[in-house]
Amino acid sequence: MKGPRRTLLYAGAVALAAWALAALFSFSSLGGQFDNNAYDFLYRAFPPRAATSPAVLVVFDERTFQRHGGIRRLRANLARLLERIADARPAAVAVDITLADPGDPQEDARLAAAMARVPGLVLACEMMPDGSGWQDPIAPFRRHAAALGHVSTLAGPYDDVNRRITLERVAGRERRWALSLETLRVLSGGGEILASPADLSVGGRVIPSRWDEGRPLRVRYSEGGIPSVSAGDLLDGAPADALAGKAVFIGVTAISAAPDRLFTPLSRGLPMAGVAIHAQAFQTMHSGAFLPDAPAWLGLLLALAGALLIAGPLAAVMRWHGWALAGAAAAALHILPLICFKQDVVLPASAPAATAWLALAAGGAFRYFYVRRRLEASEAATRRYQQAFHFVAHEMRTPLTAIQGSSELISRYNLPEAKRRELSQMINAESKRLARMITTFLDVEKLSAGQMELRLAEIDAAALVDACCRRAAPLAERKRIRLSNLVPPDLRLKADAELLEYAVYNLLTNAVKYSPEETEVRVGAAAENGQVRLWVTDQGIGMDEAEMKNLFRKFYRTKRAEQSGETGTGIGLSIVRQIVELHEGDIRVQSAPGRGSTFTLVLPAR
Ligand code: ADP
């Protein structure tokens with residue numbers, strides 16, 4: 001696989017891993033708490049605009065209980081209160097006080113009579129603790145109620161903060177809508193509540209709320225709260241004009257008698273009484289200020305896109321630009337929930353935020369190790385290059401010394417003709433050897449720089465191999481190694497003759513160099529499927545898998561080769577590979593330590 005493709009694949013894997021971990025986190029309780037905190041933070045940062053409230057709270061607070069006989073006199077006081085409220089002509093009245101047990105008969109009779117005068121009365125019912133049914137108000141009260149609504153509020157999950165209520169609850173097969181929703185229904189003319197899987201509609205208002213989660217509704221708490229009147233003041237004769245045309249929510253807020261208190265995203269210090277939560281829920285639905293949740297898949301999809309946008313630049317774009325791009329993507333992931341919130345949609349923050357941090361960490365780690373590996377590889381190459389350079393310099397000295405010595409002998413002494421000829425032949429041979437060495441080195445540089453051009457010609461493969469065998473024969477004879485040319489006589493291919501000869505000669509001399517005495521080196525070739533395969537097989541020292549991978553790197557030599565005592569530079573094979581690649585071919589190695597090697601050149605037949 002090519003470098004850039006592999007890098008992108010790594011980046012994809014890193015992104016996917018970071019995203020999967022982040023998704024797991026977002027489904028954990030820790031992720032849930034993170035979402036809650038982010039929601040509360042955004043809620044406080046962008047509180048809803050204050051508007052005139054369609055609701056008014058009438059509350060039994062501490063003052064009312066102090067002045068009007070405490071909780072004992074609750075029903076009697078409620079009766080008087082309802083009488084006063086009825087006179088003020090409210091649009092609807094919701095009573096968040098449980099009236100499930102019979103009390104003092106006289107008091108109950110007066111309360112029932114008062115209820116009869118109240119238009120649009122909604123009474124509270126509560127689910128039995130075991131969920132088997134509903135605790136409704138006793139019959140004399142129920143008779144006068146336009147509707148019954150459940151008063152359960154939801155905390156959390158994971159904390160004591162109320163962010164939503166369930167609009168629908170079912171107990172003992174009987175469904176009840178929330179007190180706030182029933183009040184809205186009564187206020188909008190008492191029509192039916194129509195339920196579809198994604199929303200509810202009542203009196204022409206559509207309330208987005210999914211059925212599969214118990215129809216939750218995020219309460220849009222308003223900063224100023226709902227206007228509140230003390231029941232005690234009304235009982236004492238204070239004017240009740242503010243209640244005209246409003247939805248009046250009656251309930252207990254005195255700390256001693258109202259256990260159904262919860263914090264809200266806006267509360268500072270004191271939790272909010274249940275009746276106020278119902279009034280706020282009513283106001284949310286009445287004003288249409290909904291905060292629907294974004295679908296879970298959308299959050300995960302955005303997080304995945306973000307992970308790719310972070311890991312991609314970190315893996316592929318080196319220098320600081322990579323960090324800058326990844327940082328921008330990470331910042332975008334953090335800002336997404338905010339943008340959604342400003343569009344009145346709640347996007348859980350845990351998945352995108354965790355994805356951003358995990359992808360940054362994983363991408364950064366990948367980058368660190370990747371860069372380090374490249375640095376180590378380049379340092380190793382430099383070291384090998386230096387070693388090879390020293391070796392080459394040393395090798396060059398050998399012919400130079402011979403040339404110097406011979407020429408000095410010739411010029412200084414009056415030597416016999418035969419000796420002079422021998423010495424000048426030596427000078428000639430050694431300077432040719434020097435020239436060859438220099439040419440090889442220059443060829444390597446030219447090949448690596450892509451400056452070498454192919455001079456394609458039709459070649460007789462057997463003849464080419466024969467020429468190589470003749471050149472390598474002296475080397476082979478020294479070790480009594482047999483060179484067998486098994487190339488079929490009629491095999492022709494198109495290649496650069498000089499370069500291909502160089503490649504085959506290199507493979508051949510390597511095979512001889514790295515084989516023990518009295519073995520055989522065979523060269524064969526075959527044409528098939530538009531390709532010519534040319535191979536050199538020996539019975540030599542071989543190499544293992546790891547060594548085969550590094551074989552074609554410049555200046556690489558195997559341990560076995562170094563221990564064999566054969567000199568070498570480790571550049572021959574890198575040139576061979578470049579020659580083959582110039583021909584748009586391939587080179588393959590099969591080898592096993594101690595069992596010999598086969599090098600195969602695969603060239604297009606053209
Ligand atoms: P050199 O032979 O000068 O060291 P090469 O580039 O030709 O450089 O070869 C690189 C290395 O590959 C050799 O040093 C040797 O370790 C290994 N090698 C090449 N050919 C063979 C072979 N036929 N058998 C075993 N090892 C080989």
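At 7% relative accessibility, does Asp-40 count as buried or exposed? The views below take up that residue and several others. This is a predicted model, in which local features need pLDDT of at least 70, side-chain atom pairs count only at pLDDT 80 or more, and totals for chains, interfaces and linings use all residues. Residues are numbered from 1 along each chain as its sequence is written, and side-chain values use heavy atoms, with hydrogens and water left out.

**View 1. Asp-40 sits in helix α2.** This helix covers residues 29–45. Helices are DSSP runs of H or I with at least four residues, strands are runs of E with at least two, and both are numbered from the N terminus. Asp-40 counts as buried, at 7% relative accessibility. Buried means under 20% relative accessible area, exposed means over 50%, and partly exposed lies in between (1.4 Å probe, protein chains only). Beyond its neighbours within four places in sequence, Asp-40 is in contact with Val-161, Arg-163 and Pro-265. Contact means heavy atoms within 4.5 Å.

**View 2. Helix α9 is mostly covered.** It runs over residues 274–287. Its 14 residues should span 20 Å at 1.5 Å a residue, and its end C-alpha atoms are 20 Å apart, which agrees. The expected span is 1.5 Å times one less than the number of residues. Twelve of the 14 residues are buried. Among them are Gly-274, Val-275, His-278, Phe-282 and Met-285. Just after α9 comes Gly-288, with a positive phi of about 70°.

**View 3. Leu-534 lies in strand β21.** The strand covers residues 531–537. Leu-534 is buried, at 3% relative accessibility. Which residues does Leu-534 touch, not counting those up to four places away in sequence? They are Val-465, Val-504, Val-523, Gly-524, Ala-525, Phe-599, Thr-600 and Leu-601. Val-602 is 68 residues from Leu-534 in sequence, yet their C-alpha atoms are 6.6 Å apart.

**View 4. Arg-173 has a positive phi.** Most residues other than glycine have a negative phi. The phi of Arg-173 is about 70°, although this residue is not a glycine. Arg-173 is found in the loop between β7 (168–171) and β8 (174–177). It counts as exposed, at 87% relative accessibility.

**View 5. Arg-215 also takes a positive phi, near 55°.** Arg-215 is a residue other than glycine. Its loop joins the stretch between β11 (205–208) and β12 (216–218). Arg-215 is buried, with a relative accessible area of 4%.

View 6. The C-alpha atoms fill a box of roughly 150 × 50 × 40 Å, taken along the principal axes. Of the 606 residues, 46% count as buried. Residues 24 or more positions apart account for 72% of the contacts with a separation of 6 or more.
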